[in-house]
Amino acid sequence: MRSEPSGPVLPGGAEPADATDPALETVRPGQPTPGSVGRVGPGAHEGLADEGEAGRRQRHELWMRRALEIAVTGPDDGAPAGTDAEPADAGALADIPVGAVVYGPDGAELAIGRNERELTGDPTAHAEVLALRRAAERLGRWRLDGCTLVVTLEPCTMCAGAIALARISTVVFGAWEPKTGAVGSLWDVLRDRRATHRPEVYGGVLETENAAVLRAFFR
């Protein structure tokens with residue numbers, strides 16, 4: 001068993017930028033949580049949940065395409081009731097394109113969110129946080145146990161904390177974020193052994209497509 005996580009090593013020893021860096025196309029960020037001596041995060045033998053059966057993989061990819069659609073175009077008229085979201089305008093599309101969707105235990109779409117920091121001037125308006133708020137409002141409770149959150153980019157520490165507090169059961173994310181990612185890249189908030197709630201995590205779903213959208217935004 002390895003004792004040190006294998007982080008991304010770029011040509012020339014350069015520090016990885018983020019999911020938009022073309023050099024990361026062939027590099028998978030380190031997994032699991034950094035730390036060797038006395039680590040409390042997942043061990044090397046505790047990888048991300050295995051997609052396993054074809055049905056689960058297809059479902060996750062279908063859900064991710066919905067999140068990707070929201071990231072690219074913003075909420076549309078087909079958004080479920082209770083999302084409290086309007087069609088995207090020029091202001092909304094100035095935000096980094098990250099989309100999130102919360103699905104109920106039955107697979108029904110509950111709420112969506114797109115990064116709105118620039119649009120609203122709210123530093124907490126990440127796609128995941130907005131989707132969680134709207135899902136809780138729609139269900140009339142803060143506990144979202146049994147629900148799945150799908151997001152196009154690996155959640156940051158704030159979003160990972162919100163996901164854990166909401167008791168989300170499953171997290172599916174697309175592109176890795178080696179500089180701020182908190183679900184396996186820089187930290188692993190959701191699978192820390194000290195946490196009282198640890199959801200199942202599936203990472204790198206449609207990673208190439210999601211990273212391409214982010215790179216295109218920053219060109």
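This is a predicted model: local features need pLDDT of at least 70, side-chain atom pairs count only at pLDDT 80 or more; totals for chains, interfaces and linings use all residues.

Biologist: Why is Gly181 called buried?

Modeller: Buried requires a relative accessible area under 20%. Gly181 has 0%, so the residue is buried.

Biologist: Which residues is Gly181 in contact with, beyond its neighbours within four places in sequence?

Modeller: The contacts of Gly181 are Glu154, Pro155, Leu186 and Trp187. Glu154 is 27 residues away along the chain, yet the two C-alpha atoms are separated by 5.5 Å.

Biologist: What makes Glu116 a buried residue?

Modeller: The cut-off is again under 20%. Glu116 has a relative accessible area of 14% and therefore counts as buried. Glu116 sits in the loop between strand 2 (109–114) and helix 2 (117–120).

Biologist: How do you know that the side chains of Glu116 and Arg134 make a polar contact?

Modeller: A polar contact needs an N or O pair within 3.5 Å, one able to donate a hydrogen and the other to accept it. The contact between these side chains is at 3.4 Å. Arg134 is also among the residues that Glu116 touches beyond four places in sequence, together with Asp95, Gly121, Ala125 and Leu130.

Biologist: Arg134 brings us to helix 3. What span does helix 3 reach, and what span is expected?

Modeller: Helix 3 (residues 127–139) has 13 residues and reaches 18 Å between its first and last C-alpha, close to the 18 Å expected. Its buried residues are Ala127, Glu128, Val129, Leu130, Ala131, Leu132, Arg134, Ala135 and Ala136. Their cover includes strand 1 (99–103), strand 2, strand 3 (148–153) and helix 4 (157–165).

Biologist: What makes one face of helix 5 the buried one?

Modeller: The buried residues of helix 5 are Asn210, Ala211, Leu214 and Arg215. Viewed down the helix axis, they fall within an arc of 135°, so they line one face. Helix 5 (residues 207–218) has twelve residues and reaches 17 Å, close to the expected 16 Å.

Biologist: Which residues touch the most other members of the largest nonpolar core?

Modeller: They are Val102, Leu132, Leu144, Leu149, Ile163, Ile168 and Leu190, in a core of 30 residues. Strands 1, 2, 3 and 4 and helices 3, 4 and 5 each supply at least two residues, and helix 3 gives the most, with five. Val102 has contacts that include Leu132, Cys147 and Leu149. A second, separate core of twelve residues includes Trp63, Ile70, Val150 and Leu206.

Conventions. Residues are numbered from 1 along each chain as its sequence is written. Side-chain values use heavy atoms; hydrogens and water are left out. Helices (H or I, at least four residues) and strands (E, at least two) are DSSP runs, numbered from the N terminus. The expected span of a helix is 1.5 Å times one less than its number of residues. Buried means under 20% relative accessible area, exposed over 50%, partly exposed in between (1.4 Å probe, protein chains only). The arc is that of the directions from the helix axis to the C-beta atoms. Contact means heavy atoms within 4.5 Å. A nonpolar core is a set of buried Ala, Val, Leu, Ile, Met, Phe, Trp, Tyr and Cys residues joined through side-chain atoms within 4.5 Å.
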